[in-house]
Amino acid sequence: PLVVMERCGWAPGGGGSSGPGGVRAVNLAELLQSSVGDEEPAPARRPPQEGTVLLFPGQGSQFVGMGRGLLRYPNVRDMFRVAEKVLGYDLLSLCLRGPQAELDRTLHCQPAVFLASLAAVEKLHHQQPSVIENCVAAAGFSVGEFAALVFAGALDYTEALYAVKVRAEAMQKASEAVPSGMLSVIGRRESNYNFACLEAREHCKSLGIENPVCEVSNYLFPDSRVIAGHLQALEFLQENSRKYYFKRTKMLPVSGAFHTRLMEPATEPLAEVLKSIKIQKPFICVYSNVDSKKYVHSKHIQRLLVKQLVSPVKWEQTMHAVYERQQGVEFPYTYEVGPGKQLGAILRNCNLKAWKLYKHIDVSEDEEAEEM
């Protein structure tokens, strides 16, 4: 992989601090150097409302046409040029023209969302540089965590893109090995998700499925979960949704049971590539999907990015960690950078007061209307 990166004209390893275009995270590093402690990022000293939080979306937010409104900003075309060399196909064309079915495939949409999110950061930096300069924390949903770590100076853009490529291909392969999927569930206060999953697994065993998988894979907001596993288990939950007090269930358009042990075959390829790239301590607080805590050092990042594949995404818990504050202390401004507004919708359900200071940085072409 490093040879590929050198051919792209980007210094591999880049000190872990070269962001999109080799510029963004270097500047961020200079701006935030003073806030870095010995073991973990120190809390920001500026008043809370002057600080900002960036949220990076995950798989499922992609759409044909994304990126069209970002090509005018510095570095974005370079980011796509590098991506074509690292990935081996024209990601820009796929983002702009589709087809949607190809863009939706795991091996394509993860690099696409990763790049579009970092391109949205370029737009935000061009329009409101103070937002980037005052950023104190970041979090990313699943593959969005890689974009958050690039933004925070922990990963080099090109190396992270290569890691995302390996991750996406390995997850695609793992998902094709077993008929599995993901079920979005809106429950009630009395819903017992673990008991429902247990009974769904028992149902699978009665069908002759050995070691069936059915477990919560995403914690989104109160009374909202994604359950993933064998298709037969998910069908059982849909058919028996009343018994478990589920208000609504919906199969997600994904090919596998992400963030469960069915992704175990994908862990080794990702672990290998993460060993080969340079990882640094982030310059700002970045929160892990695995335990909703701040990353502390490079080995911590390396270990948890692999564990994330087979662990539930604790997004609801992460939102509580990011926005926890004493009564009377104002909330920071929050920006969702990348396609879709799903993280904003989740934030609204997790913390209405924090959501009132939320803004989405669009990646489509409606620039003039947005800036007015």
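This is a predicted model: local features need pLDDT of at least 70, side-chain atom pairs count only at pLDDT 80 or more; totals for chains, interfaces and linings use all residues.
Residues are numbered from 1 along each chain as its sequence is written, and side-chain values use heavy atoms, with hydrogens and water left out.

Let's start with the parallel sheet. Its five strands form an open sheet in the order S7-S2-S1-S9-S10. Strands and helices here are DSSP runs, numbered from the N terminus (helices are H or I, at least four residues; strands are E, at least two), and two strands count as paired if DSSP finds at least two bridges between them. At the edges you'll find strand S7 (285-287) and strand S10 (358-361), each pairing on one side only. On average, neighbouring strands of this sheet are turned by 20° against each other, direction ignored; such angles run from 0 to 180 degrees between N-to-C directions, with axes being lines fitted to C-alpha atoms, for helices over the stretch in contact. Inside the sheet, S1 (residues 52-56) and S9 (residues 333-337) are joined in parallel by four bridges, and leucine 54 has tyrosine 335 as its bridge partner in S9. Helix H8 (residues 144-151) lies across S1, S2 (135-140) and S7, at about 155° to S2. Contact, here and below, means heavy atoms within 4.5 Å.

Now for the mixed sheet. This one is also open and has five strands, ordered S6-S3-S5-S4-S8. S6 and S8 each have a single partner strand, so one side of each is left without a neighbour in the sheet. Helix H10 (residues 193-206) packs on this sheet and touches S3, S4 and S5, its direction making about 150° with that of S4. Helix H11 (residues 231-239) lies across S3, S4, S5 and S6, running at about 135° to S5.

S4 runs antiparallel to S5, with six bridges between them, and valine 216 stands opposite isoleucine 227 in S5. Two residues separate the strands of this hairpin, where aspartate 223 takes a positive phi near 65°. S4 also pairs with S8 (residues 313-314), in the parallel sense and over two bridges: asparagine 218 faces valine 313, and tyrosine 219 faces lysine 314.

Serine 224 sits in S5 and is buried, at 2% relative accessible area. Among the residues that serine 224 touches, not counting those up to four places away in sequence, are Val185, Tyr193 and Asn218.

Finally, the largest pocket holds about 860 Å³ of space. A pocket is an open set of points on a 1 Å grid over the protein atoms alone, where a 1.4 Å probe fits, with protein on both sides within 12 Å along at least five of seven lines; lining residues have an atom within 4 Å of a point. The volume is the space filled by probe spheres set on the points, which are joined across faces, edges and corners. Of the 34 lining residues, the closest to the centre are Gln59, Gly60, Val226, Leu252 and Gln342. Elements supplying at least two lining residues include S3, S4, S5 and S6, but helix H15 gives the most, with four.

Technical notes. Buried means under 20% relative accessible area, exposed over 50%, partly exposed in between (1.4 Å probe, protein chains only).
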